Amino acid sequence: MSTRNITMLQAVNEAMHERMEMDSDTLLLGEDIGKNGGVFRATDGLYETFGPSRVIDTPLAEAGIIGSSIGLALNGKKPIVEIQFLAFIYPGFEQLVSHAARMRYRTRGQFHLPMVIRAPYGAGIRGPELHSESVESFFVQTPGLKVVAPGNPYDAKGLFHAAVKDPDPVLFLEDTKLYRAFKQDVPAESYEIPLGKAAVVREGSDLTMVAWGSMVREAVKAAERMEKEKGWSCEVIDLRTIYPFDRETIIESVKKTGRAAVMHEAHKTGGLGAEITAVINEEALVYLRAPVQRVAGYDVPVPQFMVEDLYLPDAGRMANAVEKAMTF
Amino acid sequence: MAVNDRELMQTYDTLQVLSPEGKVLAEEASQLTAEMKRTLFEKMLSCREFDEKAMKLQRQGRIGTYASYKGQEASQVGSAMALEPMDWLFPTYRDHGAGWTHGQDWSRILLYWMGHPDGSITPDGLRIMPQAVPIATQLLHAVGTGWADKLDGKRHASIAYFGDGATSEGDFHEALNFAGVFQTPTVFFCQNNGYAISVPFSKQSASETIAQRAQAYDIKGVRIDGNDIFAVYLTVKEAVERARNGGGPTLIEAVTTRYGSHTTADDAKKYRDQEAVQASWAEKADPVERLRRHLLQEGLLTEEAEADMTEAVRKKVDEALETAESYPKPTRESMFEHVYESASWMAEEQREQRGSTR
């Protein structure tokens, strides 16, 4: 299998090219995704290859994009929607939550919606206000939607293929910090990584870290530092699909390590870390040697970018959490 | 010249083909055969019968909160009769008269109002979508289904039903704008019944008409008497044909009357003189009575034939009620079905857990 060393942005772009090539019912819709190639250039070259009837520059209207995509998906198309930034999705929230997530349920399986909504998310790239949110919890609270957040180029391509093939609506979250952060060997062919399966990206025996998106890299950094400074061995799980998430991998790891720390950019209260903590308590309480730690965005609005580095959870804050758990 | 000079604007007169007295006013009516006129009447009668029955059932506690469409039968029957079987129909919670006319079963509609999860299943081969409960959201779905048909070169139309209140929502604008930009075969069928729950149209919008909004999107806009089933049928027929033939979207404003309250959970007496509304409605606006007058005058209906018709219609509604009431009750397990193609482990596990021990 031939591989190329590419970024996550290139991996997503390549996956879209492949899906469009494979299935003529696949359409791309979004703002500025045509000639401009999207604000992050994720759709570069697609308009030139597939033309304006399949790579569609829509009017500037998120409810319009998601709502009309629901109709397209009802009637045999496979829309792939780009929402420019996750924090711009709110006008389309009702369409996603009240309709996309419920169509199969309301029609008792007569109709289903094979659609993917891509949305760049997260702080740390000096974006203007309201370009940096991590609001995955809104959607994790919406049965009927699946939520995916890849942590590297290889996973991004494989998960994207699986998301487009999935018969139900998938919110595909792309951490903007990862778009051009590093390259990885990615197969030139198409391949799938199943939704709902986490990956153990670093093995360890003292504590389990659970993260997704760019937080995985911070967790790994913290794990390396702890190994070096304290001799503690941390396992790192990249959740990859955050709903429905892979409980088995988490629990298996926690039973081995007896300690856990969950890390996410989203605000701490009501964040997915709370849910994962609860699941660990339900399934592995007697194995725990310390309370499960949460390293998360603070419960303040995502701040202006001069302070965003202080808002964002990082390896240093994760190290503090590890220390707390290890010395409990 | 003042920028808001009315003379600058296209005007949208209200098209009427059949007068309240039952007289034909426009020669387009000649397109309607005697048989068609009788069918339209029978269907309106059926809708009226169902609606009145449903109101009683709600009071008896046999169905839940119910939204009556009484007064809007001409709009609903006339529009749905103009459709082909494969056209897409996106109703609201007040459009089951249209859904039934297009082929939905009364028993299925009753199941919906009984709160049964199976209440939105469309008959095989038809695309009557679940009623939209949020306001104006379904307009965009009708843009999307139409868009897909256009891309595939299929000659189907998509029709979205909505009320006057929906025209204040952002999704109304987004849908008309998308339909205009992509020239989708979508018919936006607005039943302007004058009230969004309690708020009259004069407080909903400063626009004199809803049809005039079409001008802003450069799409066809038509205003019709929504209590005149001939005007409704002929206008919608023209709009769906235009859609099928690549002529793009149409916004239709059917001016009608909501005879009763918003739903059985609402009391219209709180915000309007309900007695006056109903008296004037019976005199001038009842769409069933209007067509009845016409048919009697034209010798297309006798009182005896009408009595037979009424009896047959009543029987069908009674049978539908029996079917709905003997339909299997939903189980706790059924609640966990159809969330995804394959259930999440969360829901799967919760289904297996012990339910309430009340």
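**Figure 1. Antiparallel pairing of strands β9 and β11 in chain A of a predicted model.** Strand β9 (residues 199-202) of chain A is joined to β11(A) by three bridges, and the two strands run antiparallel. Within this pairing, A:Val200 stands opposite A:Ile237 of β11(A).

**Figure 2. Parallel pairing of strands β10 and β11 in chain A.** Five bridges connect strand β10 (residues 207-211) of chain A with β11(A), and the pairing is in the parallel sense. Here A:Leu207 stands opposite A:Cys234 in β11(A). Between β10(A) and β11(A), the chain passes through helix α8 (residues 215-230) of chain A, forming a β-α-β crossover that is right-handed.

Figure 3. Strand β11 (residues 234-238) of chain A is accordingly described as mostly covered, with five of its five residues buried.

**Figure 4. The contact between chain A and chain B.** Chain A contributes 34 residues to the contact and chain B contributes 33 residues. On the side of chain A that touches chain B, at least two residues come from each of α3 (62-74), α4 (93-99) and α5 (103-106) of chain A. The largest share, nine residues, is supplied by α3(A). Sorted by class, this side of chain A comprises 11 nonpolar, 16 polar and seven charged residues.

How values were computed. Residues are numbered from 1 along each chain as its sequence is written. Chains are lettered from A and ligands numbered from 1 in the order in which they are written. This is a predicted model: local features need pLDDT of at least 70, side-chain atom pairs count only at pLDDT 80 or more; totals for chains, interfaces and linings use all residues. A residue is buried if 20 or more other C-beta atoms lie within 10 Å of its own, exposed if 12 or fewer, and partly exposed in between; C-beta atoms are placed from the backbone. Helices (H or I, at least four residues) and strands (E, at least two) are DSSP runs, numbered from the N terminus. Two strands pair if DSSP finds at least two bridges between them. A crossover is right-handed if, with the strands pointing away from the viewer, the path from the first strand over the helix to the second runs clockwise. Two residues are in contact if their C-beta atoms, placed from the backbone, lie within 7 Å. Ala, Val, Leu, Ile, Met, Phe, Trp, Tyr, Cys and Pro count as nonpolar, Asp, Glu, Lys and Arg as charged, and the others, Gly among them, as polar.
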